[in-house]
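Look over the sequence and the structure below before reading on. The briefing then goes through them topic by topic.

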Amino acid sequence: MRKQDEILVAEMLIQLNAKQAKLKSELQEYFEGLMTPALKAELNNPNHFEGGGPEFKNAMQTMGADGWIGLSWKKELGGKELSPMEQYIFVETVMRTGFPFPFLTTESVGPMIAENGSDWAKEEIATKILQGKLIFAIGYSEPNSGTDLASLKTKAIKEKDGYLINGQKMWTSLANFSDYIWLATRTDFEVKNHKGISIFIVPTDDQGFSMSAINTLGDVRTNATFYDNILVPDSYLVGKLNEGWSLITSQLNLERLALVNHGPVEELYNNVLNLAHQTKINKDQYLTDLSWVKHNLAQVYSGIEALKLICWKQTWIMESDQLNMAEASVAKVYGSEFFIEAYRLLMEIMGELSLLKNESELSILNAKLERMYRTASILTFGGGTNEVQRDIIAMAGLLMPRTR
Amino acid sequence: MDFSELSHQSEIRDSLDKILIEQCITENLKKFDDKFKHDEELLSLLATNGYLGLGIKEKYGGTGENLYDLGILFEKLGYHAAPLSLIGCLVDVAQTIQKFSDDERHLSLITSIIEGNIHTSAILEPLNQDPENPRTKAEITGNQLTITGTKYLSELASKSKNILVSVNSHEGVLLVLVDSNKTDISELRTTANSPSFKVDLNSVCVDRSSIIHTEGRGLEALRYLIQINMVMRSYLALGVTEKMTSLIAAYTSERKQFDRVIASFQAVSHRAADCFIDLECLRLVNQQAAINLNSNLDCENDALVAKIWASNAAHKISYSAQHLHGGIGADKDYLLWRYCLLAKECELINGSSSQNIERLGLNITSNQ
């Protein structure tokens, strides 16, 4: 056995290094400045929870000008080429502030267009995304294609001047203030499902485009979107014809990880802990003096610790270019199910006060608790439903056979 | 940030596997199912190959002060259900002395332990929920301590020349080495048949020089002992649950019903996937706790989180494994049952999930 006193245990430390910690505090400071009272007020309006208002648009362009968009993009595409860990820190810090940063536009769609788009798309679209001037919505799901996305029916047919698009998409979030839809279409009807899919950039100001609002439990608006004889030029195709599936799946791990970032739930935990600690329940007792309150806080704390470590490890795996299917799915399943449990435990601590809406007298913490629990279930099926993730864990992690 | 193992750690893992696969074949394990569960032969094999010096400084004959290395040992002992109970010896005694003593007489025990001798601890007391506040008392007159009290779940006390005992005194908490001949030792039978003892101390007299720490550091030393004990027991639980999960995957991939392997039923594979998730969480919180202990960071909460996850995972995975195996899981001719017993000991010893949740909650709310 080798002796190893000389090895610095510090190298094994599981915490941010100095450079990463500096990035985090820089970002914190930047976003504190960005979140003006006017922007905060706008974001409290249910119509603007997810952005799209004038203050939000201003903030996006400011961020573009200050170079905070395109962090994951390669340098030659005009980005900062941050490492996965630095990107994770970025997502964490942004989410903690509550700014509805359009990650899918800037970190998924943007770099894919910059890399695979036509000359027009690279110049016109990618550049404007970097400037914070364009927002995309994702057009994947359809009424009959959800988890089995590759069965999608929206079609794009080659015409002389481009592609003629017809079909319907569901859950097209942000479409109500987006400039374009990142649209998955069927372009080959003869091959296996996932081999005949192509991605198009579709302008929402086309007269063949329409939508109807879907109002959800969490007061997050989403949309059904309709594509009626929309003709787009060839240059609106992203990547190669019939090879869109790889664009859809290429960033899935990164996207899933962003969904379960530990930042927001830790922020909520800290807020509840502070509030409970200041909340008097009688002459000489605070909420935090109650044993069951301590119990709930400790449950959430130990859950967050595990989530943080899972996310960091997954990020580290990406950073070292390893592929580990099971771990990405562990993060998704554990994170999404933990959020639900954490919100419940934290709501219990504040009790009935957690039920009061933001506009109500006596409401607490901007009614974050009242809102979060209503949005929690989206993550257990969205971003790759947890049943499929568990299938992946059993197959990739435990080498069990495929289920049917 | 780096989650990878150092190259020597993978070596430890592989070579321990080799030894333990050979030594812990069912035939061998069966020998210890009904009698004193302590495999002398295996212990001396581990000693000869240097494994008892994991986590011990080179100057005391060890392989270096890295608790992650020691964690691998306990993980592997758990994984192979090795008939050895070494936390009292390698963790409580060797690690605490290494950290808190500068007295050659105490430090020589570390060398003795590395050679394969047993010197254990006696910390826990029946019905005392707060091990940091021992009920065992020491009266101090001059240089003399007179100790009275009852300890239990002391591993291998009958094989142990010295026993490290936690006591309360007018000078506060102390950790004291006691000659086992001066104590009354009786064997207990635990659920996993671990070699566990009750230790009665009836006015046992020892010299002040038997206190292993410098003045005023008793509570700190005891807290360190409890924390590192939690973390290493969590590593033992990690090994036990890893093995149970791999048994689930193997068994359900073979067992056929309705003309197909039962692993191909989603209900079965998802219960297995949940075990995998718990396992991954446990592995990571253990790694964080061991590494932070290495760096002398304040990590009581990390140790508590590790033990909370260990207790929960041990319980959940044990019953998932039993359920998914059906009757075979309970059959003593198969191997799962030993792991189920070990899992329960890992779960409860040195604080259950609920007890440690309470402790963690107290820490969180008092540091505000």
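This is a predicted model: local features need pLDDT of at least 70, side-chain atom pairs count only at pLDDT 80 or more; totals for chains, interfaces and linings use all residues.

In which helix do A:Glu370 and A:Arg374 both lie, and how many residues apart are they? Both are in helix α12 (residues 368–375) of chain A, four residues apart, which is about one turn of the helix. An α-helix has 3.6 residues a turn, so residues three or four places apart point the same way.

**Salt bridges within the chains**

- Over all chains, the rule counts 39 salt bridges.
- A:Glu370 pairs with A:Arg374 in one of these, with the closest N and O atoms 3.0 Å apart. Both A:Glu370 and A:Arg374 are buried.
- Side chains of opposite charge can pair when their charged atoms come close.
- A:Glu267 and A:Arg96 form a salt bridge through their side chains, at 3.0 Å from N to O. Because A:Glu267 is in helix α9 of chain A and A:Arg96 is in helix α4 of chain A, this pair ties together parts that are 171 residues apart in sequence.
- A:Glu267 is partly exposed, at a relative accessible area of 23%, whereas A:Arg96 is buried, at 15%. The cut-off for buried is under 20% relative accessible area.
- A:Glu267 and A:Arg96 also belong to a network of salt bridges that links them with A:Lys24, A:Glu92 and A:Glu266.
- In chain B, the side chains of B:Glu75 and B:Arg13 meet in a salt bridge at 3.2 Å, N to O. B:Glu75 is in helix α4 of chain B and B:Arg13 is in helix α1 of chain B, so the pair ties together parts that are 62 residues apart in sequence. Both B:Glu75 and B:Arg13 are buried.

**The contact between chain A and chain B**

- The size of an interface is often given as the accessible area lost when the parts come together. Chain B and chain A bury about 5,300 Å² between them, and 68% of this is on carbon and sulfur atoms.
- Chain B contributes 62 residues to the contact, and chain A contributes 52 residues.
- The rule finds two salt bridges across this interface. A salt bridge joins the side chains of A:Lys313 and B:Glu280, at 3.1 Å from N to O.
- Several elements of chain B each supply at least two residues to the side that touches chain A, among them α1 (7–23), α7 (218–252) and β9 (260–261). The most comes from α8(B), with 17 residues.
- By class, this side of chain B has 27 nonpolar, 26 polar and nine charged residues.

**Helix α7 of chain B**

**Residues with a positive phi**

- Most residues other than glycine have a negative phi.
- A:Leu174 is not a glycine, yet its phi is positive, at about 75°. A:Leu174 lies in the loop between β3 (162–169) and β4 (180–186) of chain A and counts as buried at 18% relative accessibility.
- B:Ala81 also has a positive phi, near 50°. B:Ala81 is in the loop between α4 and α5 (87–100) of chain B, and at 7% relative accessibility it counts as buried.

**Other buried residues**

- B:Asn193 is in the loop between β6 (184–189) and β7 (195–207) of chain B and counts as buried at 11% relative accessibility. The B:Asn193 side chain reaches the backbone oxygen of B:Asp33 at 3.0 Å and makes a polar contact with the side chain of B:Arg189, also 3.0 Å.
- A:Val94 is in helix α4 (residues 84–97) of chain A and counts as buried at 0% relative accessibility. Leaving aside neighbours within four places in sequence, A:Val94 is in contact with A:Phe31, A:Phe99, A:Phe101 and A:Phe103.

Key
Residues are numbered from 1 along each chain as its sequence is written. Chains are lettered from A and ligands numbered from 1 in the order in which they are written. Side-chain values use heavy atoms; hydrogens and water are left out. Contact means heavy atoms within 4.5 Å. Buried area is the accessible area (1.4 Å probe) that two parts lose on being put together, summed over both. A salt bridge is a side-chain nitrogen of Lys or Arg within 4 Å of a carboxyl oxygen of Asp or Glu. Ala, Val, Leu, Ile, Met, Phe, Trp, Tyr, Cys and Pro count as nonpolar, Asp, Glu, Lys and Arg as charged, and the others, Gly among them, as polar. Buried means under 20% relative accessible area, exposed over 50%, partly exposed in between (1.4 Å probe, protein chains only). A polar contact is a pair of N or O atoms within 3.5 Å; within protein, one must be able to donate a hydrogen and the other to accept it, and residues adjacent in sequence count only if both atoms are side-chain atoms.
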